[in-house]
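Welcome! Open the structure in your viewer, and let us take a short walk through it, one selection at a time.

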Amino acid sequence: MERKVLITGVAGFLGSQLARDLLAEGCVVVGIDNLSSGKITNIKGLPEDRFIFKEMDVCSRKILEDSDFTTVGEIYHLASAASPKYYQASPFDTINTNTIGTKNMLELAKRNQAKIVYSSTSEAYGDPEVHPQPETYKGNVNTWGPRACYDEAKRLGEVFCYLYFTQYQTKVKVARIFNTYSAGLANDDGRVISSFVIQALKGEDITVYGNGTQTRSFCYVTDTLNGLKLLMKKDEANGEIINIGNPIEYPIIDLAHLVKTLTNSKSNITFHPLPEDDPKVRRPVIEKAQNLLGWMPNVTLEEGLQMTIQEYKNKLKDNP
Ligand code: NAD
Ligand code: UDP
């Protein structure tokens with residue numbers, strides 16, 4: 001039987017790559033995006049007979065009535081600005097998308113008896129006091145700061161998932177995604193890997209915030225998407241929150257040096273003020289994903305960066 005899948009945030013980094021993967025697997029894909037941080041060029045050239053794009057907001061109630069949506073059996077709810085640059089520029093939209101928009105998508109899943117994967121985030125742990133972070137850690141999030149609109153909205157999005165699972169048995173699964181990258185991140189996305197690689201390739205200063213001792217754990221896009229697809233597939237994951245991330249942790253200053261070395265760049269590494277509430281450490285415990293999904297990442301940072309650098313080089317050649 002034909003698999004009809006809805007992807008919200010389809011013109012974004014993860015959504016557009018996921019659409020390509022699912023189309024290659026033979027699915028019919030319906031995509032929604034309001035093009036706030038995503039780009040229409042990301043979904044150019046997808047097969048028109050099996051890909052339907054709707055430029056609209058996930059908060060729109062029309063989604064619950066339109067037959068393009070009321071016939072989908074799987075929903076990947078990825079819509080939401082993800083880069084601090086974007087989610088802080090439109091904080092109220094960030095909140096609405098992850099709360100009202102998430103409730104809307106859950107309602108659609110309930111009515112369709114569809115499966116739904118919600119893309120939550122490692123930011124649900126805030127600036128963690130438990131390290132590394134298992135799913136059972138309840139987090140250390142500041143409500144009174146520039147990251148709150150994203151962190152708290154994602155946490156409330158998870159609450160909606162919990163309520164739809166417990167009250168209506170909706171087949172919902174929550175992915176807490178840790179920093180994911182590839183050259184699919186727009187050059188001007190503002191997240192650290194796209195910024196450092198583009199800066200290094202252009203010979204511009206590599207801008208480290210703070211002294212660079214803060215850490216992140218970087219997961220290559222193919223690994224993250226495999227995790228999301230397994231979540232969708234496995235019934236054992238219904239009603240579960242699962243970390244999807246690479247457990248190898250790097251200080252940001254080490255990332256800057258690694259990018260500089262791998263690009264053979266003459267860029268200087270410069271230091272700038274650390275943004276408010278920037279988490280000091282972040283590393284996932286992934287035992288739950290291993291046990292429940294049989295998932296673990298297998299692309300190392302060096303391998304992922306090599307691919308990323310090569311692709312950005314090609315992109316810059318076409319569009320300097
Ligand atoms: P992205 O910004 O590249 O893509 C998000 C897409 O959602 C964009 O195309 C944007 O235009 C669209 N969008 C935003 N608000 C919308 C709305 N109200 N209605 C319709 N479309 C809307 O981000 P991404 O990196 O692809 O992230 C996808 C999802 O994964 C997000 O929910 C994000 O919070 C989550 N996530 C990503 C990462 C990561 O490292 N990439 C980490 C944790 C969580
Ligand atoms: N960062 C940096 N320079 C940049 C962009 C980001 O040093 O040009 C740092 C940022 O302060 C944070 C880390 O890199 O400590 C990851 O930032 P990103 O915005 O990619 O993701 P998040 O903070 O949401 O994990």
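In which crossing, left-handed or right-handed, does H6 pass H8? Keep that in mind while you set up the view; note too that this is a predicted model.

**Stop 1: two helices**

Select residues 192-202, which form helix H6, and residues 252-263, which form helix H8. Turn the view until you can follow both axes: H6 passes H8 in a right-handed crossing. Two packed helices are described by the angle between their axes and by the distance between those axes. Here the angle is about 40°, and the axes of H6 and H8 lie 9 Å apart. H6 and H8 are therefore oblique to each other.

Now show the side chains where the two helices meet. From H6, pick Val192, Phe196, Val197, Ala200 and Leu201. Their partners in H8 are Ile252, Leu255, Ala256, Val259, Lys260 and Thr263. Colour these residues by class and you will find 9 nonpolar, 1 polar and 1 charged in the contact of H6 with H8.

**Stop 2: ligand 2**

Stay with H6 for a moment and select ligand 2. Around ligand 2 there are 14 residues, and the closest are Arg191, Val192, Ser195, Thr207 and Tyr209. H6 and strand S8 (206-209) are the elements that give two or more residues to this shell. The largest share, 3 residues, comes from S8. By class, the shell around ligand 2 divides into 6 nonpolar, 5 polar and 3 charged residues.

**Stop 3: ligand 1**

Next, select ligand 1. Which residues come nearest to ligand 1? Look for Gly9, Gly12, Phe13, Gly38 and Ser80, out of the 30 residues around ligand 1. Then highlight helix H1 (13-24), strand S2 (28-33), helix H4 (91-112) and strand S5 (115-121), each of which supplies at least two residues of the shell. H1 gives the largest share of the shell around ligand 1, with 3 residues. Coloured by class, this shell has 13 nonpolar, 15 polar and 2 charged residues.

**Last stop: the whole chain**

Zoom out and switch to a cartoon view. The chain has 10 helices and 13 strands. Its C-alpha atoms fill a box of roughly 55 × 45 × 35 Å along the principal axes. For 320 residues, a compact globule would have a radius of gyration near 20 Å, so the chain's 19 Å agrees with that.

Key. Residues are numbered from 1 along each chain as its sequence is written. Chains are lettered from A and ligands numbered from 1 in the order in which they are written. This is a predicted model: local features need pLDDT of at least 70, side-chain atom pairs count only at pLDDT 80 or more; totals for chains, interfaces and linings use all residues. Axes are lines fitted to C-alpha atoms, for helices over the stretch in contact, and angles run from 0 to 180 degrees between N-to-C directions. Helices (H or I, at least four residues) and strands (E, at least two) are DSSP runs, numbered from the N terminus. Angles under 35 degrees count as roughly parallel, over 145 as roughly antiparallel, 65 to 115 as roughly perpendicular and the rest as oblique. A crossing is left-handed if the near helix is turned anticlockwise from the far one by less than a right angle, and right-handed if clockwise. Two residues are in contact if their C-beta atoms, placed from the backbone, lie within 7 Å. Ala, Val, Leu, Ile, Met, Phe, Trp, Tyr, Cys and Pro count as nonpolar, Asp, Glu, Lys and Arg as charged, and the others, Gly among them, as polar. A residue is near a molecule or strand if its C-beta atom, placed from the backbone, lies within 6 Å of it. The radius of gyration is taken over C-alpha atoms; the globule rule is 2.2 Å times the number of residues to the power 0.38.
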